[in-house]
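Me: Hi! Can we go through this model together? I have a few quick questions.
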Amino acid sequence: VTNGGKTTLTDSLLRALANCCVIHQDDFYKPQDQIAVGEDGFKQWDVLESLDMAAMLDTVQAWLSSPQKFARAHGVGVQPEASDTHILLLEGFLLYSYNLPGRHEVSGGAVP
């Protein structure tokens, strides 16, 4: 869903939760010259192939490997009273359309 309030909700959660980082799927669009043009003559921005999901997964992996380092590198102050709790928000409208490598698709979604 586009214009459904995802970013507004994410921003509210980011302000309310300690040690919280966010990764926006919109930050991972491929360069404009790599976006396919549909039969209607318009660039196809709303398809999974327009995103560099490998780069997004690398970013998620960077957070998983060191949430504190990731937070500091992205300007998020780590609050000592909640230093054992780290939250990552992934925001985007095509997140559930991507099948992670090594997972198998079954009716209703991916499973390990």
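Me: What is the nearest side chain of opposite charge to Glu-91, and how far away is it?
Reply: It's Lys-6, 5.1 Å away. Glu-91 is buried yet has no salt bridge. Buried means under 20% relative accessible area with a 1.4 Å probe, protein chains only (over 50% is exposed, in between is partly exposed). A salt bridge needs a side-chain nitrogen of Lys or Arg within 4 Å of a carboxyl oxygen of Asp or Glu.
Me: What should I know about the model itself?
Reply: It's predicted: local features need pLDDT of at least 70 and side-chain atom pairs pLDDT 80 or more, while totals for chains, interfaces and linings use all residues. Numbering starts from 1 along each chain as its sequence is written, and side-chain values use heavy atoms, without hydrogens and water.
Me: Which side chain does the Glu-91 side chain make a polar contact with?
Reply: That of Thr-7, at 3.0 Å. Such a contact is a pair of N or O atoms within 3.5 Å, one able to donate a hydrogen and the other to accept it; residues adjacent in sequence count only if both atoms are side-chain atoms.
Me: New topic: how many aromatic pairs are there in the whole structure?
Reply: The search finds one. Tyr-29 and Trp-45 sit edge-to-face, 5.5 Å centre to centre with 75° between the planes. Ring centres must lie within 6.5 Å, using the six-membered ring for Trp; planes under 30 degrees apart are stacked, over 60 edge-to-face, the rest tilted.

How values were computed
Lys and Arg count as positive and Asp and Glu as negative; His and the chain ends are not counted.
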